[in-house]
Amino acid sequence: MKQSQMFIPTMKETPADAESVSHRLLLRGGFIRQNAAGVYSYLPLGYKIIKKIETIIREEMDGIGSQELLMPAMQPAELWHETGRWDVYGPELMRLKDRHGRYFALGATGEELITSLIRDYLNSYKKLPMSLYQIQTKFRDEKRPRFGLLRGREFIMKDAYTFHDSAESLDKSYWEMYHAYCRIFERCGLKYRAVLADSGAIGGKDTHEFQALAEIGEDTIAYSDSSDYAANLEMAAVLDTDDAIKGKALPLEKVSGNQEIAQDTALTAHWFKTRTDTVVVFIKTGDEINDVKIKNVLGTDLIEPLETSNKDAIHPDKGVRVLADNALKHLAQTSVYNEAENLTYFHLDPDRDLAIERYDDLRFIKEGDPSPDGNGVIKFARGIEIGQVFKLGTKYSEAMNATYLDADGKAKPLIMGCYGIGVSRTLSAICEQYHDDEGMIWPKSLTPFTIHLITVNPKNEEQLKLSEKLYTQFSNQGYDVLWDERKERPGVKFADSELIGCPVQVIVGKKAADQIVELASRKQKERIETKVGQLSDAVT
Ligand code: ATP
Ligand code: MG
Ligand code: MG
Ligand code: MG
């Protein structure tokens with residue numbers, strides 16, 4: 001492509017409101033533009049990379065026998081009523097009303113929709129298992145959209161769903177998916193970790209998150225320095241059981257000691273969990289939570305403001321979060337250390353029927369603690385959640401009456417798994433890992449163009465002629481070439497080239513008449529004079 005004809009609005013200045021490297025560089029390099037808070041356009045360069053990520057995803061999904069379909073972003077509210085999530089999901093779910101007064105959700109996720117599609121068809125064990133996926137825009141009205149594509153309100157997600165007649169069959173698909181995700185993120189060049197995560201209110205037991213390692217990441221990963229053990233450290237939830245805890249807040253002072261939680265109590269519990277170590281922190285509900293400050297071991301705010309409610313929220317307006325029943329089971333072992341004032345820590349023992357007791361000797365899991373698997377010691381790192389795989393079980397199939405007949409002709413709920421990848425977030429995660437101060441340095445598998453051909457002075461006949469020849473030659477050799485033949489100052493061209501970040505730069509300048517150009521790798525920067533005849537070897 002000739003650069004003069006492309007829409008690449010690079011920016012010299014650093015945009016004031018861009019707080020992360022990826023956000024800054026994606027804006028400055030002309031990859032994306034913001035249209036509203038958390039809502040972005042992918043410009044031609046950015047969209048090229050998105051499509052390359054999608055191609056990798058499609059190849060790996062197809063490779064494990066998952067079938068691609070495309071479901072609407074606009075989903076009838078009735079489906080969300082069937083599972084109760086219309087009320088439970090909270091303000092993150094974007095809703096709209098059509099001219100006839102019918103309500104719709106803008107898809108935040110697709111469990112309801114896919115279950116409604118397959119429930120009439122997948123009616124026999126003979127048709128199982130089945131695996132389906134889509135790459136579709138998702139909408140979540142995030143309280144704090146930020147860091148560009150990292151936390152958007154409209155974003156691209158790959159979501160896959162599998163259907164089974166046994167736990168073993170689900171397990172098999174789960175691990176196939178897990179390994180496909182590993183291959184996808186490896187092919188994207190990402191440094192990442194697959195970590196044990198919490199299934200929260202989504203239900204099910206097993207779940208792993210894929211975390212791209214980056215300082216800006218909002219998650220903290222605890223991993224062993226000498227084994228594969230890795231877990232997401234940070235979880236937050238509010239206690240709710242079907243009938244034990246409901247309604248208005250109970251002042252904390254009233255729940256110290258060994259006291260049963262009263263019927264009309266709503267508590268906010270923030271807890272940390274790794275496989276063996278769980279921390280529970282109860283704090284007051286209501287607006288007062290905004291006054292609470294507690295830092296986690298890495299110094300980040302542990303407790304977000306109340307409005308961080310998400311799909312597990314029961315009181316969307318108040319932002320109270322619900323702890324899934326199954327999560328209670330994890331809360332066996334508790335240790336915290338008291339760092340903040342105005343907080344009371346409690347230990348929750350699930351076997352004691354929700355009785356809670358004051359726990360004074362409190363301690364977080366620390367770096368250097370022995371790893372739960374006995375190999376090595378715990379280290380911490382920051383991660384960006386780029387994907388997650390879940391064993392859902394029968395939560396959705398039961399709620400939506402999606403059953404199949406087993407070999408004995410008995411109707412049973414389908415067993416499900418669901419699997420997400422944040423496609424647009426992955427683009428940002430790659431930026432966080434592949435850049436320097438001047439701009440992007442794209443990995444070969446994803447770069448928008450392989451070669452950036454730069455004509456220093458296009459008004460010079462020799463330079464133009466040689467550039468044209470090289471452009472044709474590279475193109476014929478199958479390289480994707482961006483040719484900067486713009487009538488701009490060299491400084492502007494080089495700065496733009498750094499921002500755009502193609503791995504190879506071929507610079508046609510003063511020595512064009514002698515058939516000599518300069519060859520540089522975006523990463524090393526050093527320019528090497530090269531005879532045109534030797535270019536082909538050098539470029540590859
Ligand atoms: P987070 O914890 O960051 O809010 P999530 O756990 O709510 O993410 P999932 O429901 O697991 O997200 O969705 C699957 C994937 O979609 C995530 O792993 C992430 O990569 C991506 N994703 C989720 N929310 C956003 C968002 N607001 N912007 C961009 N990508 C997102
Ligand atoms: Mg979320
Ligand atoms: Mg998450
Ligand atoms: Mg997740």
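Which residues in α2 meet which residues in α6? In this predicted model, I56, I57, E60, M61 and G63 of α2 meet A180, R183, I184 and R187 of α6. By class, the contact of α2 with α6 has five nonpolar, one polar and three charged residues. Two packed helices are described by the angle between their axes and the distance between the axes. Helix α2 spans residues 44-63 and helix α6 residues 167-187. The two pack at an angle of about 155°, and their axes are 9 Å apart. An angle over 145 degrees counts as roughly antiparallel. The helices α2 and α6 are therefore roughly antiparallel to each other. Their crossing is right-handed.

The chain as a whole contains twelve helices and 30 strands. It has 540 residues, of which 44% count as buried. Among contacts between residues at least 6 apart in sequence, 68% join residues at least 24 apart.

Ligand 1 is surrounded by 15 residues. The closest are F155, Q388, G420, G422 and R425. Elements that give two or more residues to this shell are β8 (154-164), β20 (378-393), β23 (415-422) and α9. Strand β20 gives the most, with four residues. By class, the shell holds three nonpolar, seven polar and five charged residues.

Helix α9 covers residues 423-433 and is mostly covered itself. Ten of its eleven residues are buried. These are V423, S424, R425, T426, L427, S428, A429, I430, C431 and E432.

Notes
Residues numbered from 1 in each chain as written. Chains lettered and ligands numbered in written order. Predicted model: local features only at pLDDT ≥ 70, side-chain atom pairs only at ≥ 80, totals over all residues. Buried ≥ 20, exposed ≤ 12 C-beta atoms within 10 Å, placed from the backbone. Contact = placed C-beta atoms within 7 Å. Near = placed C-beta within 6 Å. Nonpolar A, V, L, I, M, F, W, Y, C, P; charged D, E, K, R; others polar. Axes fitted to C-alpha atoms, helices over the stretch in contact; angles between N-to-C directions. Parallel < 35°, antiparallel > 145°, perpendicular 65-115°, else oblique. Left-handed = near helix turned anticlockwise from the far one by under 90°.
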